[in-house]
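These are my notebook entries on a structure that is new to me. I record what I looked up, entry by entry.

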Amino acid sequence: MTNYTHLPFNFKGLQDDKYLVSNLAGQHQHLSKLDFDNLIHSKYNQIEQKSLDSLESKHFIAPKNEAKMRESIIASKLALRIQNSLKRPTLFMVVPTLRCDHDCHYCQVSRVTENKKGYDLEEKHINGILEHIEFLSDKHIKIEFQGGEPLLNFNFIKNFFDTAKIKLAGKHIEFVIATALGPINNEMLEWIELNNIHLSVSFDGPEFIHSNNRPSKKFNSYENTVSNVHLIKKYFKGIDISLLSTITKQSLQHPQKIVDSYLELGTKNLFIRPLSPYGFATDTWGILGYSANEFMDFYKELINYIQELPENIIEHSALFHLNRIFSQSTSYVDLKSPAGIVFGAICFDYNGNIFGSDESRMLWTSTKADELIIGHIADEPKNTYTKPNLIALLRDTFVEVNPGCNDCVYSQFCGADPVHHLATQGDLIGHKARSFFCQIETQMFDFIFNEYYLNNQNRKMFDGWLSNGS
Amino acid sequence: MINEITLRNCLYWVDENITWELEDDDFKWEVLLSGSADLVEQEIKLLNININDNILRFNLSRGSHSTREQIIKNALLKLAQND
């Protein structure tokens, strides 16, 4: 009989008297209460053999004489996981203009009206931005034009693209325009298709939700989005277009209608995201906002509806979580430890400021907290990314040691999001019991683990996403 | 058995609309929760789960809490060496 000892792990009780254990190596195991009790009380010979073998292979337990060696293996695996989070950024966001032709209620700080002067990124900055990207990046990168409505400064986008093709000739670049499709026309679409540029379009669901969330003084925003998406799918088949949905209080009652509206547009890919609390006036959050419980009730209904439909629909927020759990992916900026600031993305704002994330940019716009600014496009790249304020932003974002996270079973899969906590609580770590981010992520992981291990239908669907959708 | 630090770790998670205070004598701790009746009832359930979990953690961590810290330190050292 092997003389086992346990190695450090975190745990949580889940549905149906099951328990989840996880460790610093990024491994997890779903256990019956009986096996969990036996594990806790070191009655290893009473644990079911299959679970026992799995617990050993995942470094939850080890033969006593191997414990030190196993601790060293866990440390190596943790080091590798941290190193993966510290890879060079692959996402570079550029804000050609803050001007916008929509008046979205949840976007109060990162836009100005369409004709306002002084809110465009000047073309003289293109070379400077590309020098920063060249300095920071590896071979494969994504450059995403954000706004405002970036298409309102279309000449900048075209010139940026042409210059980037020359200056970053050795790199594989995916270009994306995040747009609401207001100013789009055939000339733009021909250029976008010719240059293989991807479109990322906000689509919040049926008309009574979309047009309410995203009103425009110029047009019916729902009709504009729907007609342009149909136009693109019919006549510009080479354009890859993805849609994402921001959930407001009004959306909560209509998960099925939101899914149906995506199917009507001919897309089987959803990306559902909760509201971000940046820059909201208190009264606006009161109108549009909700609790984590309310969001998750909506989300569970939406996922279960997707599972019942014959179409193979993928919901990408869940897929990001599944990839984080099962392949320790660090591609989703929100789920990184240390946080994805700079190491996940860089944002070049219309005024030349450089931020470590889009959220930092939004928070700076509403607070003017200059410590969020990493540098300026005109700065020498080699002197920009070692400044004390950036180190300070990152230093406290190791989830493994954050209070409230260090003994959480999901800390191996979760992220820190210091900007969220700075925005909502005034400090980078935040009190997790009061944290909307923590509440949403905890419930999200609860849901995914419960569904994966206790609901065969949803597990089958999740496995399908993992094999085809990642 | 539960000590004050462990108990405060559990109270960390109590809803912000509930106020709480700790009273102790030589033999036991008393936690007084105040707020709406429904919320207090819900938070008592959660607090009991947290207390039980923390007792398990405390029992598990004899020797292993410092092991966890050491593993994290070793991981960071490995990273620094690879830098």
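I looked up V342(A) and found it buried, with 24 other C-beta atoms within 10 Å. I use "buried" for 20 or more other C-beta atoms within 10 Å of a residue's own, "exposed" for 12 or fewer and "partly exposed" in between, with C-beta atoms placed from the backbone. Phi of V342(A) is near 65 degrees, which is positive although the residue is not glycine. V342(A) sits in the loop between α12 and β16 of chain A; I take helices (H or I, at least four residues) and strands (E, at least two) as DSSP runs numbered from the N terminus.

I noted the basis of the entries: this is a predicted model, in which local features need pLDDT of at least 70 and side-chain atom pairs count only at pLDDT 80 or more, while totals for chains, interfaces and linings use all residues. Residues are numbered from 1 along each chain as its sequence is written, and chains are lettered from A and ligands numbered from 1 in the order in which they are written.

I then turned to D16(A), which also has a positive phi, of about 55 degrees, without being a glycine. Is D16(A) buried or exposed? D16(A) is exposed, with 10 other C-beta atoms within 10 Å. Its place is the loop between β2 (10-13) and β3 (18-22) of chain A.

I checked for cis peptide bonds. The bond from S337(A) to P338(A) is cis, with omega near -5 degrees, and P338(A) lies in the loop between α12 (316-327) and β16 (345-348) of chain A. The bond from G147(A) to G148(A) is cis as well, with omega near 10 degrees.

I examined helix α11 of chain A next. Its buried residues include F295(A), Y299(A) and I303(A). Seen down the axis, the buried residues of α11(A) fall within an arc of 130 degrees, so they line one face of the helix; the arc is that of the directions from the helix axis to the C-beta atoms. The face turned away from the buried side carries the exposed residues N293(A) and E308(A).

The C-alpha atoms of chain B fill a box of roughly 55 × 30 × 15 Å along the principal axes.
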